[in-house]
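This briefing sets out selected features of a single chain. The sequence and structure come first, followed by notes grouped by topic.

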Amino acid sequence: MKLKSAIVFLLLTATTCCFAAKIPFKFHQLFTDNAVFQQNTEKHPFRGYAPAGSKVEVQFRGKTASVTANEKGEWCVYLPTGSAGTDFELTAICDGKTITAKNLAVGEVWLVSGQSNAYFPLKNFKDGAEWAKDSDYPQIRFQLQTWQPPHMRKDDHWQVLNEQSAMKFSATGFFFAKELHKRHQVPVGIIVAAVNGSSINKWIPADALAEIPHAQSRLIIPLQNARKAYPEKLKQYEAELAKRKGMSEEEVKKLPKLRRPLPPFQLYSNLFNQQVSRLAGLPIRGVIWYQGEADAMFAGGYIYREYLEKLITSYRKHFGKADLPFLVVEIPYYGNNHIWSDLRDSQKFVAEKMDHVHLTSILDLSDLKDIHPPRKAELGARLILTAERFVYGKDLIATGPVYESMKVDGNRIILQFRKDSIGGGLCSNDGTPLRGFTIAGKDKRFVPATAVIEGDTVVVSSPRVKTPEAVRYGWAPAKEGPVNFYNKAGLPSGMFRTDNFRLTTEPRQ
């Protein structure tokens, strides 16, 4: 027995040593041909792999740094990226072997993350092939993060935008990148980390999730209990299986079908681990976050604010940038599900609470029959305005009317809006009466209301509410047609409310 154990130990040791010795000398997947690095970064990490203990020398734009690969065969050096430009090379030398990443660029790098509306490539849209015809932009590159383990990844290298590659590119990222490149005339790199149907808990690191009481009770503790109970369940299964082996076939047929219990799997934080963790410390300009539909579907609208705030905080720590900008896309209407408004309210709450978090409204771009609104070009144009105003500091109108305050005047409520959001004046974008406003009295029951623009205010009333207390806008799709409250800069108002009434998905105290 001792001899057998010794042989197994030697085989395992030999296998491990061989594996360590065969660590390939190569760049990390973020540093392949065609990569884009954030401009004007003094200490940009450049990472790769080499045999443990070997010395690696790295060169980029005339600067050189050396490092020794750690025991895992990983290495990282820091070099400046300099100003925007193209046609650079990254070179690394180890034990007389040289590797080179070519056609590199320095410019603006953004992360596009979330679920299907962030992920869906051009090929998933009816007009995708037509959109792709305007894709000859060699200075725009993108990289698709995948869930597969490293040895199975095929599409996570940087790709240059052209008519063929565009069909695989996130439509949200595609239109944003083109507008950003046109306005700034610098290379643009878009990293896409998004998965269809994913809930927000999958994108937050486990240590951050543990700080959310709701996640503790709904995700973490149940998994811990399931793992504790699993050995006993497996034992019971094996005992029953052994018992049935002594029975006749006819006796077994009369019993319930026996299923081997599956070991409990951790389903939360998995997409962070698979797609975002590998981006640790990477300098990027900002994040476009388009997600929430999966959480809204399961009545997670109100609690979403805690998860979104934790996600933003943890990503800022992960990327090493305390003021990392987040452009959050307000989830669109879909069907007539009113509880989705609770999640939009959470998005708005976080955007107002946290610095450098900005909400882009697309309620008017919604398709009630399609959870993936196809008007992505207009989304890209609005995201660019948000980025230009709040990230790049341009003096322009970036949002539609933003609610500021209200006052009750008899049987009507007068709404006032932030002056920097009025954009030349308030208006109905189609010239018809304003749609989407509701009003409530002490009973807190909202009814459709008449809303009239008077100067820079909106006056809201209803004959059904004699003593009004609150107004809501855009809370649900208007029966008469799409919401149409805009400013004269051509930008729509997002959903808002003047009250602090308890929401449908808000837990009772």
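In this predicted model, F60 is in contact with F37, F46, L79, P80, T81, F88, E89, L90, L104 and V106, leaving aside its neighbours within four places in sequence. F60 is also one of the residues with the most contacts inside the largest nonpolar core, which has 69 residues.

**Nonpolar cores**

- Besides F60, the residues with the most contacts inside the 69-residue core are W75, L90, W289, L311, F319 and F326.
- Another core, of 37 residues, lies apart from the largest one, and its members include L161, F175, A194 and I362.
- In soluble globular proteins, nonpolar side chains tend to be buried together.

**The chain as a whole**

- The chain has 509 residues, of which 52% count as buried.
- Its secondary structure comprises 12 helices and 24 strands.
- The C-alpha trace spans about 95 × 75 × 40 Å along its principal axes.
- Of the contacts in the chain with a separation of 6 or more, 72% are between residues 24 or more positions apart.

**Packing of α4 and α12**

- Helix α4 (residues 171-184) packs on helix α12 (residues 376-390) at an angle of about 50°, and their axes are 8 Å apart.
- α4 and α12 are therefore oblique to each other, and their crossing is right-handed.
- On the α4 side the contact is made by A171, T172, F175, F176, E179, L180, R183 and H184.
- On the α12 side the contributors are K376, A377, L379, G380, L383, I384, L385, A387 and E388.
- These contact residues divide into 10 nonpolar, three polar and four charged.

**Packing of α10 and α11**

- The axes of helix α10 (residues 304-319) and helix α11 (residues 340-353) come within 8 Å and cross at roughly 40°.
- α10 and α11 are therefore oblique to each other, and α10 passes α11 in a right-handed crossing.
- From α10, the residues in the contact are Y304, R305, L308, E309 and I312.
- From α11, they are D342, L343, D345, S346, Q347, F349, V350 and K353.
- The contact of α10 with α11 holds six nonpolar, two polar and five charged residues.

**Positive phi outside glycine**

- D87, although not a glycine, has a positive phi of about 65°.
- D87 is found in strand β7 (residues 85-94) and counts as exposed because its relative accessibility is 61%.
- S269 also has a positive phi, near 65°, in a residue other than glycine.
- S269 lies in the loop between α7 (249-253) and α8 (270-276), and it counts as buried because its relative accessibility is 0%.

**Q266 in the loop between α7 and α8**

- Q266 is placed in the loop between α7 and α8.
- With a relative accessible area of 29%, Q266 is partly exposed.
- Not counting residues up to four places away in sequence, Q266 touches A206, L223, R227 and N273.
- Q266 and A387 are 121 residues apart in sequence, and 36 Å separates them in space, C-alpha to C-alpha.

Notes
Residues numbered from 1 in each chain as written. Predicted model: local features only at pLDDT ≥ 70, side-chain atom pairs only at ≥ 80, totals over all residues. Heavy atoms only, no water. Axes fitted to C-alpha atoms, helices over the stretch in contact; angles between N-to-C directions. Helix = DSSP H or I, 4+ residues; strand = E, 2+ residues; numbered from the N terminus. Parallel < 35°, antiparallel > 145°, perpendicular 65-115°, else oblique. Left-handed = near helix turned anticlockwise from the far one by under 90°. Contact = heavy atoms within 4.5 Å. Nonpolar A, V, L, I, M, F, W, Y, C, P; charged D, E, K, R; others polar. Core = buried A, V, L, I, M, F, W, Y, C linked by side-chain atoms within 4.5 Å. Buried < 20%, exposed > 50% of the residue type's maximum accessible area, 1.4 Å probe, protein only.
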